[in-house]
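The sequence and the structure are shown first.

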Amino acid sequence: MAIEQPQNQRQRNGQPPVPDKQDERDRYAGPAQHTSVEKDDQQPRSGINPVVIVVLKIALAAFIAISVIAQIWVLPLVARRSAQDAPQYAPYATGYMLAVIAALACFEIGLIAVWRLASLSARGTVFANDSLVWVDIIIACVSIAALLALGLFIHTAFIAHLKPLAVPLGALLVALGLLAMLLLIIVLRALLVSATAQRDELEAVI
């Protein structure tokens with residue numbers, strides 16, 4: 001019958017075996033590596049290329065600058081020239097100008113909200129309740145702008161009887177386009193709410 005040989009001198013003397021130093025290093029190195037991996041996994045990651053975010057923000061800044069220039073310089077100039085070319089419509093020029101300026105202000109606020117959503121996407125935190133606030137701001141801005149465009153269409157077509165018909169038809173097309181955009185944003189908001197709820201449930205399980 002084979003006799004099991006002791007592995008080291010401590011075991012020959014009846015004492016418990018001494019663990020090898022390499023085993024101790026491997027045992028203590030394992031949890032540290034696992035902890036570092038967990039820390040890396042806890043960091044928010046975004047699937048959007050940072051270059052895309054930068055280009056988007058540059059475009060948003062350009063649109064906001066153009067809108068501000070139109071509010072300050074272009075629209076007052078167009079209103080004065082329109083009043084001179086068509087004196088019968090001069091009483092409406094100021095009201096139309098203010099309505100368009102208000103619509104552009106809604107446009108600018110909506111772009112700022114999009115900027116904030118882009119920043120949240122870059123940090124990987126867009127699926128949170130904070131992002132819903134900015135989406136609601138966009139919905140409010142689009143709704144107000146659509147109502148202003150619809151009001152301009154009604155006034156130019158049925159009250160002022162503005163000619164040519166391209167002006168009221170243009171206001172109607174803008175109003176319809178904004179209403180379609182509003183419905184799309186509402187659908188996207190519902191998807192964002194669903195994705196945020198699923199993310200919260202997944203984090204609770206983990």
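How many helices and strands does the protein chain have? The chain, which is a predicted model, has six helices and zero strands. Along the sequence, its elements follow the pattern α-α-α-α-α-α. The chain comprises 206 residues, of which 24% count as buried. Among contacts in the chain with a separation of 6 or more, 73% join residues 24 or more positions apart.

**Helices α3 and α4**

Two packed helices are described by the angle between their axes and the distance between the axes. For helix α3 (residues 50-85) and helix α4 (residues 90-123), the axes come within 10 Å and cross at roughly 175°. Angles over 145 degrees count as roughly antiparallel, and α3 is therefore roughly antiparallel to α4. The residues that form the contact of α3 with α4 comprise 26 nonpolar, three polar and two charged.

Ile66 belongs to helix α3. The C-alpha atoms of Ile66 and Glu108 are separated by 9.9 Å in space, although the two residues lie 42 residues apart in sequence.

Helix α5 has 31 residues, and the distance from its first C-alpha to its last is 44 Å. This span is close to the 45 Å expected at 1.5 Å a residue. After α5 comes His161, which has a positive phi, near 50°.

Thr156 is located in α5, which covers residues 129-159. With which residues is Thr156 in contact, not counting residues up to four places away in sequence? Thr156 touches Tyr96, His161, Leu162, Val167 and Pro168.

**Accessibility of two residues**

Is Thr156 buried or exposed? Thr156 counts as buried because its relative accessibility is 3%, and the cut-off for a buried residue is under 20%. Ile66, by contrast, has a relative accessible area of 54% and is therefore exposed, the cut-off for that class being over 50%. The two residues are set out below with their classes.

| Residue | Relative accessible area | Class |
|---|---|---|
| Thr156 | 3% | buried |
| Ile66 | 54% | exposed |

Terms used: Residues are numbered from 1 along each chain as its sequence is written. This is a predicted model: local features need pLDDT of at least 70, side-chain atom pairs count only at pLDDT 80 or more; totals for chains, interfaces and linings use all residues. Side-chain values use heavy atoms; hydrogens and water are left out. Helices (H or I, at least four residues) and strands (E, at least two) are DSSP runs, numbered from the N terminus. Buried means under 20% relative accessible area, exposed over 50%, partly exposed in between (1.4 Å probe, protein chains only). Contact means heavy atoms within 4.5 Å. Axes are lines fitted to C-alpha atoms, for helices over the stretch in contact, and angles run from 0 to 180 degrees between N-to-C directions. Angles under 35 degrees count as roughly parallel, over 145 as roughly antiparallel, 65 to 115 as roughly perpendicular and the rest as oblique. Ala, Val, Leu, Ile, Met, Phe, Trp, Tyr, Cys and Pro count as nonpolar, Asp, Glu, Lys and Arg as charged, and the others, Gly among them, as polar. The expected span of a helix is 1.5 Å times one less than its number of residues.
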